[in-house]
Each structure stands twice: as structure tokens, then as C-alpha cells.
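Please follow the chain in the display below while reading.

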Amino acid sequence: TQQRITVIKGDGIGPDIIDAATQILDKVGCDFAYDYADAGLMALENHGELLPQETLELIAKNKVALKGPLTTPVGEGFTSINVSLRKQFKLYGNVRPVLSFKGTKARYEDIDIITVRENTQGMYSGLGQVVSEDGTEAEAKSIITREGAEKIVEFAYELARREGRKKVTAVHKANILKSTSGLFLKVAREVGERYPDIESAEMIVDNTCMQLVMNPHQFDVIVTTNLFGDILSDLCAGLVGGLGMAPGANIGEDCAIFEAVHGSAPDIAGMNLANPTSVILASIQMLEYLEMGDKAERIRTALKDVIESGDRTTRDLGGEHGTTDFTAAVLERL
Ligand code: NAI
Ligand code: MG
């Protein structure tokens with residue numbers, strides 16, 4: 001039967017980069033049926049809410065979604081749509097790979113790091129957010145469970161094994177955040193012992209930031225809690241040429257949402273300037289998840305050739321072209 005994919009074009013640069021990705025998926029003969037759904041500002045205008053029920057139902061029905069960036073209005077009491085989606089579908093694993101391509105403005109070559117971020121707990125659980133009545137004190141609750149920590153660390157080691165990787169580094173701040181990060185580290189050590197074929201390392205988060213900048217080649221797979229994973233994965237994106245190069249997969253027990261790490265880029269929205277690479281790489285992750293690895297590889301090869309030859313690349317990559325020219329260059333190679 002034909003695979004149906006729920007597609008959320010999203011806000012800002014979303015529609016442009018999602019169209020690039022679906023054109024490429026069609027070109028390699030994926031034969032997907034797309035169910036388009038609204039979320040974000042578009043949904044607020046059309047349905048009066050940021051995350052309409054019918055969108056949730058379509059994601060639940062198809063179990064695989066490709067999603068553009070969504071703008072969460074600041075203040076006004078809106079909770080982040082991305083956080084809601086991750087909680088609603090229990091998308092506990094956020095896989096954010098970064099891979100160097102030659103010909104970008106990146107400082108390094110040969111970077112190949114996967115950050116596995118716990119996606120539902122910790123500082124981003126949204127629990128216990130209170131500001132005192134007089135506005136002088138604010139608090140939030142951070143919860144780490146043994147089950148949650150075990151699930152994400154095992155997920156990271158399984159991924160490492162499957163992809164033939166050598167090392168998993170657990171990143172933490174157990175020296176200061178003794179309860180939460182302490183439990184995460186304890187569980188990470190226990191799980192690591194069950195994978196003797198893979199090297200286990202641990203590192204404190206602030207040192208990890210410095211090490212990533214100074215000597216990134218020591219890293220292979222990083223596993224960490226929600227907040228640290230959010231920050232470290234953007235840092236990793238910076239190692240390979242910026243947010244336009246960074247995809248992310250949100251994986252749950254029976255549902256997965258694939259997206260770019262970056263946001264809706266309002267500063268360049270509607271200008272045909274966005275680099276679609278991150279969403280194209282997210283669709284490659286989606287194909288691998290759907291066990292269509294041969295098609296994923298074909299797209300990766302074409303994309304790599306466009307970027308490395310500098311044929312019609314976008315401005316963030318040092319080129320002079322727009323989203324549509326870049327996409328045409330990839331499509332030609334397919
Ligand atoms: P952003 O990621 O949208 O933009 C940061 C900078 O990177 C901007 O200068 C932008 O032009 C550039 N950039 C981002 N993607 C690019 C691409 N594909 N090609 C070329 N340049 C690119 O972050 P910002 O400005 O902090 O957030 C804007 C909005 O996006 C906010 O409403 C935020 O809530 C939302 N957001 C949504 C996310 C999601 O849906 N996954 C993730 C992060 C932010
Ligand atoms: Mg982020």
C-alpha cells in the first residue's frame with residue numbers, strides 16, 4: 001500500500017523549503033501520498049488555533065510527518081507547538097546529525113556527529129511554570145525519570161550500533177544539578193555497561209561546548225537531556241555551516257516527525273533565499289526510518305554534489321542563488 005505522509009508546510013520560509021523537499025522525494029520515485037495539514041500562524045488564521053485537532057488526527061493516522069518550522073507567538077500565553085507535538089505523540093528521541101560538506105563556509109571538514117536529545121523531560125517539560133503575583137520570582141519544574149533516561153540512552157546506543165559508530169558520550173551537569181542530571185548520568189553509566197562493543201564517555205556540558213569548538217573530531221554520538229541537547233545541537237550545526245544544514249528527527253514508539261532544526265526565519269521569509277538543505281536532510285532521515293535507504297543515499301549524493309561544486313548554492317553557503325535554483329540543481333542530478 002502507498003505510504004501516506006502528513007506534511008505541515010509551516011510558517012515563514014517553511015512552504016518554500018518543504019516544497020523543495022517533496023519535489024525531490026517525488027523525483028526519486030518515492031510514490032508517497034501527502035496529506036497537507038495546518039499548524040502554526042497559518043492554522044491560527046484558518047482555524048483559530050495553533051495546533052488544530054484535525055492536524056493531530058492526520059499525524060496520528062499516518063504516523064509519519066514532515067514538518068516545516070512553526071512560529072510560536074511570543075507572550076500571549078501560547079505554549080510552543082513543537083513542545084506540544086513532542087509531548088502529544090511521546091516523541092522521546094530527537095536525533096540531530098551534522099555532517100560536513102566541502103564548499104560551505106564552515107570552519108571544519110569531516111565533522112560527523114549525531115546529537116541524541118531527550119525530547120520530553122527536563123527543563124522543557126513545561127511543568128510547574130509559575131511567576132509570583134508581584135512578578136519578582138519565577139520557577140519551573142525539571143523532571144528526569146529513570147525510565148525516560150534509560151529509554152533515550154538505550155536509543156543512542158542502539159543507533160550507534162546500527163550505524164556502525166564507535167563512541168557514545170553522555171553529556172550532563174551532575175556536579176551541580178545533582179538530582180536530575182545526577183540520575184541521568186547514573187543511568188547512562190549503567191546502560192553503557194550493557195554495550196561493551198561501543199566506547200562510552202561522559203562529559204560535563206560546559207566543557208563539551210568548549211571541546212566541540214576546539215576539537216570536534218573526538219565526538220561521534222552525543223546523548224543528553226532536553227535543554228543541553230537543544231543548545232549543543234545548534235552548536236554542532238554551527239560546525240558544519242549553520243542552521244540551514246541541520247535536520248532533526250523526532251522519534252516515538254509508533255510515530256515520527258521529521259523537520260529542520262531551524263525556525264521560520266522571518267528575516268528572509270518570502271524572499272526565495274532560504275537554504276532547503278536542512279529539510280532535504282530531514283527527508284533523508286525519514287526515508288531511512290521508512291527503510292528506503294537506497295533512495296536516501298541517492299538524494300544525499302546529489303545534494304552533496306550541488307553543495308561541494310557550488311552549483312547554484314544559497315547565500316548562507318557562500319553562493320548567490322535562491323531556494324528554487326538550488327532545488328533545481330539537486331533535481332537535475334536526480
Ligand atoms: P531561525 O532559526 O528562524 O533563524 C535564525 C537565523 O538563521 C536567521 O538569521 C535566519 O535567517 C537563519 N536561517 C534559519 N534557517 C535558514 C535557512 N534554511 N537558510 C538560510 N538561513 C536560515 O530562529 P529565530 O529567528 O530565533 O526564530 C524565528 C521563529 O521560528 C520563532 O517564532 C521561533 O519560535 C520559531 N522556531 C521554530 C522552530 C521549529 O518549528 N522547529 C525551531 C526554532 C525556532
Ligand atoms: Mg532549538
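In this predicted model, helix α1 runs over residues 14-27 and so comprises 14 residues, and the distance from its first C-alpha to its last is 20 Å, close to the 20 Å expected at 1.5 Å a residue. Its buried residues are Gly14, Asp16, Ile17, Ile18, Ala20, Ala21, Ile24 and Leu25. The elements against which these buried residues of α1 pack are both strands and helices, namely β1 (4-8), β3 (64-67) and β12 (256-260) on the one hand, and α9 (277-289), α10 (293-309) and α11 (323-333) on the other.

Just after α1 comes glycine 29, with a positive phi of about 80°. Aspartate 31, in the loop between α1 and β2 (33-37), likewise has a positive phi, near 55°, although this residue is other than glycine. Is aspartate 31 buried or exposed? It has 9 C-beta neighbours inside 10 Å and therefore counts as exposed, given that the limit for an exposed residue is 12 or fewer.

A positive phi in a residue that is not a glycine is also found at alanine 265, where the value is about 45°. Alanine 265 belongs to the loop between β12 and α9, two elements that are among those packing against the buried residues of α1. With 23 other C-beta atoms within 10 Å, alanine 265 is buried, because 20 or more such atoms are required for that class.

Another loop residue, glycine 68, is located between β3 and α4 (81-88). Its 26 C-beta neighbours inside 10 Å are the reason why glycine 68 counts as buried. Which residues does glycine 68 touch, not counting those up to four places away in sequence? They are Ile8, Lys9, Gly10, Gly14, Pro15, Ile17, Ile18 and Val279, and of these Gly14, Ile17 and Ile18 are among the buried residues of α1. Glycine 238 is 170 residues apart from glycine 68 along the chain, and the C-alpha atoms of the two are separated by 20 Å.

Turning to the strands, β4 (residues 93-99) is mostly covered, with 6 of its 7 residues buried. It pairs with strand β5 (residues 112-118) in the antiparallel sense over 7 bridges, and with strand β11 (residues 247-251), again in the antiparallel sense, over 3 bridges. Asparagine 94 takes part in both pairings, standing opposite arginine 117 in β5 and opposite asparagine 250 in β11.

Strand β8 (residues 167-172) is largely enclosed by the rest of the structure, because 5 of its 6 residues are buried. Here the pairing is parallel: β8 is joined to strand β9 (residues 199-204) over 6 bridges, with valine 168 opposite serine 200 in β9.

Helix α7 (residues 205-214) has Val205, Thr208 and Leu212 as buried residues.

Buried residues make up 46% of the 334 residues. Among contacts between residues at least 6 apart in sequence, 72% join residues at least 24 apart.

Conventions:
Residues are numbered from 1 along each chain as its sequence is written. Chains are lettered from A and ligands numbered from 1 in the order in which they are written. This is a predicted model: local features need pLDDT of at least 70, side-chain atom pairs count only at pLDDT 80 or more; totals for chains, interfaces and linings use all residues. Helices (H or I, at least four residues) and strands (E, at least two) are DSSP runs, numbered from the N terminus. Two strands pair if DSSP finds at least two bridges between them. Two residues are in contact if their C-beta atoms, placed from the backbone, lie within 7 Å. The expected span of a helix is 1.5 Å times one less than its number of residues.
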